[in-house]
Amino acid sequence: MVFLSPLFLLGLFAALIPIAIHLIRKEKPPKLMFSTIRFLKKTSKKLVLFQQIQQWLLLLLRAALIALLVFAFARPLFNQSVSRLLDTEPQSVVILLDASMSMAYGERFDNAKDAVLDLLDALSPGDEAALVVFAAGVQSLQELTTDTDSLRSTVQNLGQPGFGVTRFLPNLRLADQMLAASRYENREIFLVSDFQQTGLTDAEAGFKLAPGVRFNGIDVGDDASSNLVLTDVRSPEQLLEGVEQQSILARVRSTGAVHLQQAEVTLSVDGSLVDRRQADLTNTSEAVVTLTAGFDSSGTRVGQVTVNGDNFSVDNSFYFTVDVSPRISVLLINGDASDNWYDDEGHWFNLALSSSDQAAFTVQSTEPSSFTPSMLAGTDVVALLNVGDLSGGQAQALERFTLDGGSLFIAPGDRVNPQQFNQQFGNISPAILGTSNQEQLDDYLVIADLDRRHPIFRSLTNEWSARFQRHWTMEPDSQATVLMRFDNTDPALVERDAGQGKVLLFASTMDLAWNNLPLQGMFLPFVHESLRHLVEPPAKERAYQVGQVINLQIEDASASVSAVGPDGAALQVENGVVTVNMPGIVRARVDGEEQFFAVNVLAEESNLLRTPVATIHDDIINPDTNPIPSRQVRTAQLIAELEQPQRVWWWIIGLVMALLLVEARIANRTYR
């Protein structure tokens, strides 16, 4: 026998009430002495004994009446298994626990862990469950198992959430796939999250759970959230030492349900505070703050912009690096010097390099007759402008200079003999000079094609309007790259790596003799970017986001490599790449050369606005899924189904009514 309402059995203690009353009424009456009792009839002992038996029978009847009433309310059943009532149908459950950065706000993650533990406690023996801790992707996964203790231990040992962004749909898809291999037809997904609005993307729009899979969202977020975030920071990537103060632009935004009106923004360089500004957000949700800093010494400088004024410090800092380079030393060999500056071959080129006090170049000018190999010491790039009368020793010195890591910029003019040039510079020249073609009167060539992906032209967005009346025809070397072409398809600018150095060969002059390029707005940036490209190493990606792979760009597989994360812990480097899961500065060392990389969180994860659980439910639930009642409802339905044919409590109530009649009759005879 089992009882459908076992708590009513506590009423059996009420059966003690008649016994207590009987014991109270059992007190012996006091004896009174009469002067004479000869006129009183003597009561027989047999009658007294019979009345005592009736009283005990009445006591048992009353106690039995109470006990039977208790049994009736407890609703007994016969010949049924208790297990069927305790577990009407086993189920397969996948629990998704959000561990993205927004879950670190307040007590969200602690509340989420408590919610998961409650879900595990509510499972019945035989149920199977899986646990997926996720952000953008899976951070940890435990497959479907009936060992809920192991899942409970995993949840209890979880630390703080990471810095990843929220992505719901990929992880819901994974849970759906896991349930496809489950043992039971009763399948359900529980998503425990703050339901951040940015977690829903259009990447997997239209995704639906499999038919029959139920979805239950448990929201641990809070509506009264507030946060300050740096949505964008604009800082220079490369600078020259000694430049004036540089502006750093920081965009500050107030996110969340509660608007914050004030924010303090600070700028630190190499760990030292250099500027502080206030951002007024009273009448707007975001503001741009201008910070200033000086970068005097060369090397890689580390910067940090921090916003203060909220209670969520996880996303309050933005990191960046600035490579400060020494000025580029240029040796200008002027092959057609003139007292008239307008006709001087090197005038326009030199003017472009020294156009301001903060120029990136230091220029030393000489003529071919005065050039000596000793001038190459400390020189980064040599510019040969219309130089055609170099000696063999001078040409050899320039060749060794280039092969050892120096760079050449060559712009031949009418003083250049093509046979002599090809002989002297054939080993390093990007092309063989042919003939210098003169266009007919009122005719000219223009630049028709250039490689805009090349570092020289990447930042040059304006169109080329220069006109060329004369140019050299060139046959590019097999190892050279044509960067520019005239509209007649002849090469205009050719590049070649020579040893450890680089050489650029321009098909015309850098003065007004053959073209009007020096009078165009593109002349100065073209000269600057060409020389920068010849000297500076290729720009490396220095800014990354949490979770991205950092490429250390290791050219030698045998190089000694190490990396340290923002927290000071050593990072594992595999095949020249490293992954960082927290914001800050990563310090890497490749063959003794130190490199710095800035890692930041995604600003979208700092947006604490939330989306209703019903929105996700309506988006992903399959229309072919019929609602399945909860375990409690199904248990109640089974109870009613089992109880219907028996109705034992009806018979007990009937027996109680009969016993009440018997009790009334006995009580009436006993105390008459």
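Predicted model: local features only at pLDDT ≥ 70, side-chain atom pairs only at ≥ 80, totals over all residues.
## The chain as a whole

The chain holds 13 helices and 31 strands. It has 672 residues, and buried residues account for 45% of them.

Strands of a sheet pair through backbone hydrogen bonds, and the pairing can be parallel or antiparallel.

Strand β16 covers residues 328–334, and strand β18 covers residues 381–385. The two pair in the parallel sense, with five bridges. Within this pair, L331 stands opposite V382 in β18.

## A hairpin

Strands β4 (residues 128–134) and β5 (residues 138–145) run antiparallel. Five bridges join them. Together they form a hairpin, with three residues between the strands. A129 stands opposite T145 in β5.

## Helix α6 and its cover

Helix α6 spans residues 168–180, which makes 13 residues. From its first C-alpha to its last it reaches 19 Å. That is close to the 18 Å expected at 1.5 Å a residue.

Which residues of α6 are buried? They are F168, L169, N171, L172, A175, D176, M178 and L179.

## Aromatic rings

A search of the whole structure finds 13 aromatic pairs. One of them joins F457 and W464. Their ring centres are 6.4 Å apart and their planes meet at 70°, so this pair is edge-to-face. The cut-off for that label is an angle over 60 degrees. Are these two residues buried or exposed? Both F457 and W464 are buried. They also belong to one aromatic cluster, together with F468, F486, F506 and F526.

The charged end of R542 sits over the ring of F597, 5.5 Å from the ring centre.

## Two residues up close

H533 is found in helix α10, which covers residues 523–535. Why does H533 count as buried? Its relative accessibility is 11%, and buried means under 20%. Leaving out residues up to four places away in sequence, H533 touches H454, P455, I456, E495 and K502.

M582 sits in a loop instead, between β29 (577–579) and β30 (584–590). M582 is partly exposed, with a relative accessible area of 27%. With residues up to four places away in sequence again left out, M582 touches F163, V546, P566, D567 and V599. How far apart are M582 and V601 in space? They are 7.7 Å apart, C-alpha to C-alpha, and 19 residues apart in sequence.

Methods: Residues numbered from 1 in each chain as written. Heavy atoms only, no water. Phe/Tyr/Trp six-rings, centres within 6.5 Å; stacked < 30°, edge-to-face > 60°. Buried < 20%, exposed > 50% of the residue type's maximum accessible area, 1.4 Å probe, protein only. Lys NZ or Arg CZ within 6 Å of the ring centre and 35° of its normal. Pairing = 2+ DSSP bridges. Helix = DSSP H or I, 4+ residues; strand = E, 2+ residues; numbered from the N terminus. Contact = heavy atoms within 4.5 Å. Expected span 1.5 Å × (residues − 1).
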